[in-house]
Amino acid sequence: MMKKTPAAAIAALGLGVVLAAAACSSGGGSSNGGNSSSSTSSVTMTFWTNATPGPGLTFFQNAVKSFDAAHPGVTIKMQAIQNEDYDGKLQTALASNSTPDIFFQRGGGKMLAMVNANQVAPLTLSAADQANVSAAALAGETLNGKIYAIPLDQQPEGIYYSKDLFKQAGITSTPTTIPELEADVAKLKAINVAPIAVGAKDAWPAAHWYYNFALRECSQATMNAAGTTLKFTDPCWTKAGDDLAAFLKINPFQPGFLTTAAQVGAGSSAGLVANHKAGMELMGAWDPGTIASLTPNQKPLPDLGWFPFPAVPGGAGDPSAMMGGIDGYSLSPNAPKEAFQFLEFLVSTPQQKAYATAFITLPVNKAAQSVVTDSVSVSALQALNKAGYTMQFLDTQYGQNVGNALNAAVVNLLAGKGTVAGIVSSATEAAAKG
Amino acid sequence: MSETLRTAAVGRIRRGALQVGDAAHAASPTPRARARKRGRGRQRLEIALLTSPAIIVFVGLVIFPVVLAAYYGFYKWQGYGPPTDWVGLGNYKIIFTDPAFQQALEHNGLIVVLSLVIQGPLAILLALLLNQKIRGRALIRVLIFVPYVISEVIVGTGFSLMLQVTGAVNDALHSIGLGFLATDWLADPNIALWTLMGIITWKYIGFAVILMLAGLQSIPDELSEAARIDGASYWQVQRHITLPLLGPTIRIWAFLSIIGALQLFDLVYIIWGQYISGTAGTSTMATYMALNGRLAGNYGYGSAVAVVMFLVSLVVALCYQRFVLRRDLRGAVTQGVN
């Protein structure tokens, strides 16, 4: 075909390319002018957050405004990205070297991948910063002795329950061991409510049951070692699976749990608790907010209570240890020094107080914890402050790849399709894919 | 193929142009030849100019990503920075030994076969029925076609709500005294695939019926009239005249159905979510790719799965064209009647 094509046609094709390119670029051309005209003394930084419109986003808007005002010449351009779209957009930005200067960091395996690709800056904290940020939360953002993100809040996991339903079922005190929890499940069944709601459609809420059993069965050293080797050979991992399998025998979850979502709609696990259709739910500290949005009047559930995951008799893990998530922010390696100042500003006490109020969460700055007043969050906070140590959610800790496989394997076990050995072997198989 | 199309188009345009200019240039053949040559060059120029945006878009958004996926498929790559960890065919070895992928492939195969077996006869029967002069025919045609028009996301969300254990379907069964039929439609691995087939049939039958109806319109009435005069019964006419003449339509529909079934993604993704389709026994190659590639952050591995999917679809499509559709390209109408 090429032999027959005259040069004119090729030239025309080239012209077509130029025309198309010109058409494409004409739209974006004008917007670039703004940056280049700025003088040398001023700094413009980009800032990506996953905060959703509402009090959370308003908090960040106000924080950016007051930081800009206090630092003449500094302009922060904030972009709020929907949480589920966030990872994809960030990944594209990282791949095309247009990383935002300041960006929301999920931590765990994702952060490890960014560190390995030299796409996130190590941070050096001053003594004042160290005092502002709790050491336990900072440990979750540390890799090989270097800090790669500043945490803003902690989301410890525990069991949220309806005090009214517990009273109706004749349960007088919250369970502290798994046998006690099993007895309470039987009592809740007797009053015809689902004892425990779980959103297995999203996989991770179901897998968190396994993770918490593992937290009780495995020592801290074993769990941390698995983070780097991704080998689950210690017998405690199997024991945790056996514990979960034994717990499943009493059918503690609501019917149809496999196709129940965690947080969306009245039929979700949070919705079941919000509407008194289920007694308990194992969830992170964001749950009161989620439940509040699903009650009939969209107000916080008045009889909501909280207790930590019960102890497992004979386990090697600290019974006070807690699992949870941490929301942090990282810097691009090319970020100006003002970007770090903004992170320092965010963990200062007044900002942390505003943050905790806006997000209904537990701030990392202990001096700001006074704003946490509702009884549910206070009990979670007290348990957190007493915890021997905290672990990141294992699916974050071990990276999305292994985490996903673990999640799926646990769901298989719940559905009666998989085995305890399958949980351990699936993690090994997944490690081969990544 | 584009080459033949192009020359055919050029020829046709040139002939048209010549006819117009014929009388004027009849006396001097040499300038005419030169004009033709110049015209040919201009036309090539025009074609190149006009097709280049489409070619750029096609190459940039279809061909280039396919090549890139093939490239990434040879690496273990998390999507951060350029890929560096070359594993050769390592990803492909894992794909073909992964029981989860084998199950997904099996589900795809089942969906391909069941779609053909369930939808095909049903669509032909419905088309025959709707080809009769019955009351409310237009309304029924519209109603059958409506599910096809509704977005997959809406269908998926609607069914996943209705088919919950405590959903509308089980409630309805209880209230009409068929409570014993109520079951966990979505989560029970023995039933879930059949539930999916039910939804797929409901969703796509309208498309098949419309295609068949269009095929029926093109069959000349004279043939069946002649057969009826010769004493053929209604079913004999359908069996020996309508069905063979409908052959090309059926084969094209089957082709579209097979390709659609191999690439099924949206309905499963909406109803069973991102994680549990494997557990429920409804995973497909595409959901496997989304779970193990994008969601797990293994972009290299996911690209390899995409390449496998592409090759499976390509091989099936080429085999189908070579062995089934070829007769249509040679004029199946006369063959069908024989």
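Two strands pair if DSSP finds at least two bridges between them. In this predicted model, strand β7 of chain A pairs with strand β10 of chain A in the antiparallel sense, over 4 bridges.

**Strand β7 of chain A**
- One partner is β10(A), residues 304-307, in the antiparallel sense.
- Another partner is β9(A), residues 278-283, also antiparallel and over 4 bridges.
- Tyr161(A) has a place in both pairings: Met280(A) is its bridge partner in β9(A), and Gly305(A) stands opposite Tyr161(A) in β10(A).

**Contact between chains A and B**
- Chain B puts 36 residues in contact with 40 residues of chain A.
- Three elements of chain B give two or more residues to this side: α2 (29-72), α12 (277-280) and α13 (285-295).
- α2(B) gives the most, with 8 residues.
- By type, the chain B side that touches chain A divides into 18 nonpolar, 14 polar and 4 charged residues.

**Domains of chain B**
- Chain B is divided into domain 1, residues 2-72, and domain 2, residues 90-337.
- In chain B, 4 residues of domain 1 are in contact with 6 residues of domain 2.
- The domain 1 side of that contact in chain B has 4 nonpolar residues, no polar and no charged.

Terms used. Residues are numbered from 1 along each chain as its sequence is written. Chains are lettered from A and ligands numbered from 1 in the order in which they are written. This is a predicted model: local features need pLDDT of at least 70, side-chain atom pairs count only at pLDDT 80 or more; totals for chains, interfaces and linings use all residues. Domain bounds come from an automatic or database domain assignment. Two residues are in contact if their C-beta atoms, placed from the backbone, lie within 7 Å. Ala, Val, Leu, Ile, Met, Phe, Trp, Tyr, Cys and Pro count as nonpolar, Asp, Glu, Lys and Arg as charged, and the others, Gly among them, as polar.
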